[in-house]
Structure formats: structure tokens, C-alpha cells
Amino acid sequence: MSAIEVWLDIVVPVLVTGLLARALWAAVAVEASARWLLAAPAPAHRPADRDGQAPWLVVLLPMLREQTVAAESIAAFTGLDYPAGRAAVVAITTEREHTAHARHRRRLPELAALPTLTAAELRGLFPASRCRPVAETVKAAPRSERLVVLTKLFDAEPSTADIVTTLTAGRPEGLPLVHLHQPDVGGRKPGQLNFALDRLPDVLGPLGWREDAHARDTFVLVYDADAVPDRATLIAFADAVAEHHSSTGRMPALIQQQRLPLLARRPFPRGLAGLLLTGEWIYQLRRSLGIELARVRLHQWLTRSRVPEPARMWLRPMVYAVGCGMAVHLPALRRLSGFPEPMEDLGTGHRLSLLGADLAPSAALVLDEPYTDTTGVTNLHALAFTASARPDRHARAIAHLPGGLSRPARYALILREWADQSAWLLGAPLLAVVVAGAWWAGPLWAGLAVVAVLLHGPVTTARLLTLAPVLHRRVTPPATIGSPPCSAAARPITLVAASPLQPFVRLAGPWRLIWAKTTGRRLGFGKTER
């Protein structure tokens, strides 16, 4: 057979079949996950813990340049329903913010001298939502006074630590609030979380908690500072712990609350960038339902099923934990030596998956913001690729720990993850070539290719646009905050039509990272601000 015959008679049919299978799985997983969330009964209200059986829960809120959302975030999480004396909220600020503030202040003369100051130039100097108003104010000032105006605005901006200190002194009602301030020791979000982990006795000790006596009943919850949780979030975690323990006799190592990017604090920009970011919002919603939640549920089903181990080995997924709604059992965290850099969630999910740990989903939901600038999306994808592309490193990090998986089962997970990352990097361009040339393989394969593209893109996108407001209404926020706005597409028909192109957008971050490493440049990602 010639190379062309091999391509048309073997490669194209195999890849078209694979694309169709993947599209079917994505559509079914999204629908099944959405139905499971919408059908789940609301957790019962528990005003008190008379029997002392509720798990100890500590909510960690790492904050870096979160001035615009700090007050609302603290009000939301301290307002969650849970038995008094069994949970606390920890706001973790960092001296890195003050160090960066001093460094950025030296740039003000250069920025004030720019002919046209844009919001992008102020990124990192002010909270993301403040960059545009500040730029407009400075541009409106006479040129000779721009530096004075910019400096005054810069110096007047309170730090996140200042705001949290004021809120802590105000002693808000509800769950206890503890403020921890991390020294400037480098690192990212995992460093702030591990700083709090080392101080758990200071956080929970005033409630009567002791690690030697209560660690087995303690879970550490991780959230983004811009999140809005359902008011029954903590009760749902307690219910998930009780249900899993009664079914298996074991405590789950991780419980994942489902994060939905439906919180519309800021609108998507106009033009092509807005279309791409709206498409990314829908893609993130599809990932949340069809990959993140679906994998946790599949993992839990396999753990409880009597499926033979050889079959389980190939069906078992690599679970992607998400650092907005992730509850980790404290003994499991201690065994892992804390949260891994550079992403605490993907690294924790990979390591617990490779250990064969028990994982469980929570039926409660948490809202967070979609990305509304392209730099944030690119940084997110590059960081996610960095954390996921080397599962062998995660395997080596936990090789000394006892686990429930055999060596072949671990190798199977590593191979699956490498296949996923390869599909991320190469799948979209390769499948585009296959779909474009499917007609020459025969009308049957051309028709199947069209069906796969429609199902993977427009059909699933249209369904997600319908599900978004329904899922948003499923979240009842704490009484301490108002009703959160819901994200929506300004041009739904255009978004549905452009959906097959969205996988190409997700290539920018990983390939930018690979190019920087190949050319010997150091790529600094900074904070992946929404």
C-alpha cells in the first residue's frame, strides 16, 4: 500500500472513529453530570452538632491582589451554614504583594510618560477591575500632572492584607475568621496554603481541636478568593464524608465540589477577543461537567464496583482536582507533604490518583469568574500543562508511600495522562487535517466526521448555553451576600458556529511555554487573574 492509501484507508477511519467516540463521550458526560447535580437533594440544615460527629473543616482562602473581592469573599465563607465550633475560615495574604508594590512603584514615571496609557500597562499594579478606570483617569489629566495623579492613585490603593486586617478586627458574625500573612518566600498559591497548614493548631486550637486527637476527622478546603459558594457547601461536604464512609468503611482522601465559571462580575470584552473568551468560558463549563466531575464520579464508581482489576486498571481515570472547592483529608495531605507547586489542585489530584486513594464528589456547587482577558487564559493553560505534562514526576514524588494501586496500574495512569497531553498539543491540528480530507476516504467517513464535529462543537455548546442559567439557579448563596450575576453569551449563534475552532485557542499557552523553553527564555506567568 502506498502512503496515501494507508492514510485514507487506515489513519483517517481510525481517527474519525476516535473523534466521534470522544464527541459522544463528552456529550454524554456533560449531560449525565448536569442531571446528577440538578437532581441531587439539597443538604439538610444543621444548626448544631449536639453529638460532636460533624467533621472539622478549615476553609483556606489564599489571596493575592484581591482587594475588590476580599470583603465579599470573607462575608460569603464566614456566612456558610455549619455547626458552630467545628469550622473556621482562614484568609491568607502574602508579603509578595507588598514586595511587588514597591517594585511597581519605581515604574510609575515610565508609565506616566507613555503617550497612551492602557489598562494592559497597569496589569499587576492595580486589581484587574481597576486598571481601566485608573488608565482613563490618568489619560484625562494634563500631561504635566499625570505622574502625580498616577502616584496618588497607586499609593491610595489598599493592600489585600490591609482590607483583611480590618475585616478580621470587625469580628464578622458566623464562622470564625483567622488572618495569616505569609512572608515573601517565593512560590505561588501552594506556598500560601502550606503556610496555613503549618499553623492549623493556631487556627482550630481555640475551638478545642488537637491534631493528635482530631486529624482523622479534619478536612482542608481550598477556594479561590473570587468564588461564591452555595450556603450548604460545608454541610454537603459532611454528608459526602458520611456517605462515603458508610459505603466503604474508609474516609475519602479528597472530596471535590463542582466549580462552575458562571459568576459574571465583569463582562467579556467586545470583538474577536470577546468571542474567544466567551468560547473559553463555555469550554471551561464543559470541562467542569464532562471531565472534572465525570472523572471523580467514575473513579468513585470503580472504587465501589466489583469490576475485575485488569478492566479497572484501564478504566480508572486520572482525576483533575480543582483548587476552588477541593477538600483534602488532613492525614492524606500530611502524607503528601502538603500541596505541590506550581498548581496545588492538579498536583494533588494526580498524586492521590496514583496512590489509588478514595475520591468523592460533592453535590453542592460553587461559582467562580470566567476569564475576561486573554493573558489570564494563556497563563492558565501554560500552568495547567506544566502541572500535568509530567505525571512521572508526581509518581516519583509518592513512590515511597503505601498505596492501593499496583505498579502496572500506575503506569497505565501515567500513559493515559501522556496521551491526554499529546492530544491537547497535537489533536486539534491533526484532526482538522483528517476532517478536511475525510471525503477522499469515502462518503461514510466524511459524514461521520461532520457528525463528530457538530456534536463536539455546536451541539454541545448549544446545550451548555441552555444549562448555564439552570445550574446558576441551583446555587443559593449565603444570606450575607447578594444574588450573584450569571454569565451569558452576547452572541450565542456566533458562539455556537465558532465552537469547532475553540480547541485551537487552547494551544496558545502550552506552545508558548514550549517555545520559550526551547529558545532558553524564562517565561514568567504571574497571577492568572480573571
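How many salt bridges does the count come to by the rule I use here? The count comes to 25 salt bridges, where a salt bridge is a side-chain nitrogen of Lys or Arg within 4 Å of a carboxyl oxygen of Asp or Glu.

Hi everyone, a word on the ground rules. This is a predicted model, where local features need pLDDT of at least 70 and side-chain atom pairs count only at pLDDT 80 or more, while totals for chains, interfaces and linings use all residues. Residues are numbered from 1 along each chain as its sequence is written, and side-chain values use heavy atoms, with hydrogens and water left out.

Let's begin with the charged pairs. Side chains of opposite charge can pair when their charged atoms come close. Asp81 and Arg231 do this, with their closest N and O atoms 3.1 Å apart. That pair links distant parts of the chain, 150 residues apart: Asp81 sits in the loop between helix 2 (70-78) and strand 2 (87-94), and Arg231 in the loop between strand 5 (228-229) and helix 11. Helices (H or I, at least four residues) and strands (E, at least two) are DSSP runs, numbered from the N terminus. Asp81 counts as buried because its relative accessibility is 13%, whereas Arg231, at 31%, is partly exposed. For those words, buried means under 20% relative accessible area, exposed over 50%, and partly exposed in between, with a 1.4 Å probe and protein chains only.

Next come Arg105 and Asp155, whose side chains meet in a salt bridge at 2.7 Å, N to O. Arg105 belongs to helix 3 (residues 95-105) and Asp155 to helix 6 (residues 146-156), so this pair ties together parts 50 residues apart in sequence. Arg105 is partly exposed at 39%, and Asp155 is partly exposed at 41%.

Asp224 and Lys189 also form a salt bridge, at 2.8 Å from N to O. Here the loop between strand 4 (218-222) and strand 5 is tied to helix 8 (residues 189-197), with the two residues 35 apart in sequence. Asp224 is buried at 16%, and Lys189 is buried at 18%.

There is a network of salt bridges too, linking Glu72, Arg265, Arg266 and Glu369.

Helix 11 (residues 233-248) has 16 residues, so at 1.5 Å a residue it should span 22 Å, and its end C-alpha atoms are 23 Å apart, which agrees. That expected span is 1.5 Å times one less than the number of residues. Among the buried residues of helix 11 are Thr233, Phe237, Val241 and His244. Just after helix 11, Gly249 takes a positive phi of about 80°.

Helix 19 (residues 443-473) has 31 residues and reaches 44 Å from first C-alpha to last, close to the 45 Å expected. Helix 19 also bends by about 40° at Leu455, with Pro458 following within four residues. The bend is the angle between axes fitted to the seven residues ending at a residue and the seven starting there.

Is Gln256 buried or exposed? Gln256, in strand 6 (residues 254-260), is buried because its relative accessibility is 2%. Beyond its neighbours within four places in sequence, Gln256 is in contact (heavy atoms within 4.5 Å) with residues including Val296, Cys324, Met326 and Pro361.

To finish, look at Val14 in helix 1 (residues 3-39), which counts as exposed because its relative accessibility is 54%.
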